[in-house]
Amino acid sequence: MKKIDTHQHLLYPEQFNYSWTKDFPVLGGAFTLEDYRNQAKGCDIEGTVFMEVDVDAEDIAAEGQFFGSLAGDSSSQILGIIASCRPEEADFEAQIEAVQSPALRGIRRVLHTHPDELSHSIGFRANMAKLARMGLTADLCVSQQQHGSALELIQACPDTRFILDHCGCPDIAKHPTSDTEGFQNWKAGIHRLAKQENLICKLSGITAYAKPEQRTKAGLAPYVTEILESFGPQRMVWGGDWPVCNLADGLKKWCQLTDELIADLSADEQSQILYINAQTFYSL
């Protein structure tokens, strides 16, 4: 079934600096559009949304401009851009202007590697609220332990459209079964978040949080089942998370697992998750 990949990372280290990758040797080096296409063969991916890659601060504007230009070439199949920005800074609106392009659809400020206080400040929340009038979305990448902070942020910005990346980053490796305390805590957090009407969820990234033996339909199904029950197919999109998914079994394996995990849904519901909702949410 055809897909729109709403979480495509591309890394060009000759042009931009990615300090965080030093801790992940698998992600060292370049991961280009051509590399992505080679990995995506046979996955029925008809278009993508480029997701910022947490470049060093001095490269934020240049990354946004580069990929905005790349998206301007229809052969790239990049349908939209999610740019990096720093809502905690006073020049936030100038940052948005610096990454502006016809392809810009939203922003993301990675939170799972920072203290909760970052998103608690008045300035951060005020700037995130401005996204609504700008017509931009906000992707949220938060750890399982940050669900409470994410909830407060979403409630503080009721008109901003948020998307929860990677199913809320569950600690699958530590909590492999649904009877563990960690799973129940993640589930409770997801249920609270799903009550927020301005939030949808991205089915992406979860293989990287699982042990090798858990990267199966049976191993991941408890988490996907909870996401489906909480958000429903109408409030979900799909993402490949390449090349971060190389920390697990790669893009093709994730595509295969996705098909298995949603196989019991109707064809219309599968299409909503894999394709239609992406078009609507990101205005593609």
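Buried means under 20% relative accessible area, exposed means over 50%, and partly exposed lies in between (1.4 Å probe, protein chains only). Phenylalanine 67 is buried, at 0% relative accessibility.

This is a predicted model: local features need pLDDT of at least 70, side-chain atom pairs count only at pLDDT 80 or more, and totals for chains, interfaces and linings use all residues. Residues are numbered from 1 along each chain as its sequence is written, and side-chain values use heavy atoms, with hydrogens and water left out.

## Aromatic pairs

Rings of Phe, Tyr and Trp (its six-membered ring) pair if their centres lie within 6.5 Å. Planes under 30 degrees apart count as stacked, over 60 as edge-to-face, and the rest as tilted. By this rule there are 13 aromatic pairs. One of them joins tryptophan 20 and phenylalanine 24. Their ring centres are 6.1 Å apart and their planes stand at 65°, so the pair is edge-to-face. Tryptophan 20 is partly exposed at 24% relative accessibility. Phenylalanine 24 is partly exposed too, with a relative accessible area of 34%.

Phenylalanine 66 and phenylalanine 67 also pair edge-to-face, because their planes meet at 90° with ring centres 4.9 Å apart.

## Charges over rings

A charge sits over a ring if NZ of Lys or CZ of Arg is within 6 Å of the ring centre and within 35 degrees of the ring normal. Lysine 2 lies over the face of tyrosine 275, 4.2 Å from the ring centre. Arginine 161 places its charged end over the ring of phenylalanine 281, at 5.2 Å from the centre.
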